[in-house]
Amino acid sequence: MQELTNQELYQALAYAKSIDEDTGRKMLEQFQLDQAALAQTIFGVFPALVAKENQDMSYLFMDLCFDVLCIFQKAFGPLPPQNEMDFDWAAKQAVLMDAELQSLIQENPMDDKLRAKLQDRFTKRAFEDSPQMGLVKLMNEAIDDYASESPSRVSAIKPTQTMIAVVIRLFDNLYTQASGKAL
């Protein structure tokens, strides 16, 4: 999948920001119908991980996830429905990230060295595996800007940036998988 140019990225972001509340709600409902497992992960599981650090940042995270959804749909077309994907696509994605995600939950008992290693691997893969680095950079800047408004948000910068990179990677993988099936 090709990386979005700066112009494509800003046009898609402008589109995302121009969507009214009713249209946004319909898009989210359609996303939940088309990709139920992915929608639950992105808007249910991931924000909870961010909220453990800071609730405000989890709200920002969900807003940014909506922007990512809009950007991908604007740039690459409608989301492929889950029933047209490999049956176990979502499960494969989850297995690839499970141990790494578990390491982000501080309440999970885990050796500190193993936790640090898994977290580092998770962060590295989140940033390296996404060809949409311009989008990742743009989202990271939005996270930094928002966090700078309140010292209590600073501790949630890294988890929020990591999770948004994962979301971008998941969307990229979804579209790549769908285009591979279409060929």
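This is a predicted model: local features need pLDDT of at least 70, side-chain atom pairs count only at pLDDT 80 or more; totals for chains, interfaces and linings use all residues.

Student: What makes α2 roughly perpendicular to α4?

Tutor: The crossing angle is roughly 80 degrees. Angles of 65 to 115 degrees count as roughly perpendicular. Therefore α2 is roughly perpendicular to α4.

Student: Which residues of α2 and α4 meet?

Tutor: From α2 come Gly 24, Met 27, Leu 28 and Phe 31. They meet Phe 66, Leu 69, Cys 70 and Gln 73 of α4. By class, this contact has six nonpolar residues, two polar ones and no charged ones.

Student: Why are α2 and α3 called oblique to each other?

Tutor: They pack at an angle of about 125 degrees, and their axes are 5 Å apart. Roughly perpendicular stops at 115, and roughly antiparallel needs over 145. The angle falls in the rest, so α2 and α3 are oblique.

Student: Which residues make the contact of α2 with α3?

Tutor: α2 supplies Leu 28, Phe 31, Gln 32, Leu 33 and Asp 34. α3 supplies Ala 36, Leu 38, Ala 39, Ile 42 and Phe 43. They divide into eight nonpolar, one polar and one charged. Leu 28 and Phe 31 of α2 also meet α4.

Student: How many helices and strands does the protein have?

Tutor: Eight helices and zero strands. From the N terminus on, the elements run α-α-α-α-α-α-α-α.

Student: Which residues touch the most other members of the largest nonpolar core?

Tutor: Met 139 and Phe 171, in a core of 45 residues. The elements giving two or more residues to this core are α1 (6-18), α2, α3 (36-51), α4, α7 (133-147) and α8 (157-182).

Student: What is Met 139 in contact with, leaving aside its neighbours within four places in sequence?

Tutor: Leu 13, Leu 64, Asp 67, Val 68, Ile 71, Ile 164 and Ile 168.

Student: How do you know whether Ala 165 is buried or exposed?

Tutor: Ala 165 is found in helix α8. Its relative accessible area is 0%. Buried means under 20%. Therefore Ala 165 is buried. Ala 165 and Met 139 are 26 residues apart in sequence, and their C-alpha atoms are 8.4 Å apart.

Student: How many of the protein's residues are buried, as a percentage?

Tutor: Buried residues make up 43% of the 183.

Student: And what makes Pro 78 count as exposed?

Tutor: Its relative accessibility is 71%. Exposed means over 50%. So Pro 78 counts as exposed. Pro 78 is found in the loop between α4 and α5 (89-104).

Student: What is Pro 78 in contact with, apart from neighbours within four places in sequence?

Tutor: Gln 73 and Tyr 175. Pro 78 and Tyr 175 are 97 residues apart along the chain, yet their C-alpha atoms are separated by 9.4 Å.

Student: Among contacts between residues at least 6 apart in sequence, what percentage join residues at least 24 apart?

Tutor: In this protein, 75%.

Key: Residues are numbered from 1 along each chain as its sequence is written. Side-chain values use heavy atoms; hydrogens and water are left out. Axes are lines fitted to C-alpha atoms, for helices over the stretch in contact, and angles run from 0 to 180 degrees between N-to-C directions. Helices (H or I, at least four residues) and strands (E, at least two) are DSSP runs, numbered from the N terminus. Angles under 35 degrees count as roughly parallel, over 145 as roughly antiparallel, 65 to 115 as roughly perpendicular and the rest as oblique. Contact means heavy atoms within 4.5 Å. Ala, Val, Leu, Ile, Met, Phe, Trp, Tyr, Cys and Pro count as nonpolar, Asp, Glu, Lys and Arg as charged, and the others, Gly among them, as polar. Buried means under 20% relative accessible area, exposed over 50%, partly exposed in between (1.4 Å probe, protein chains only). A nonpolar core is a set of buried Ala, Val, Leu, Ile, Met, Phe, Trp, Tyr and Cys residues joined through side-chain atoms within 4.5 Å.
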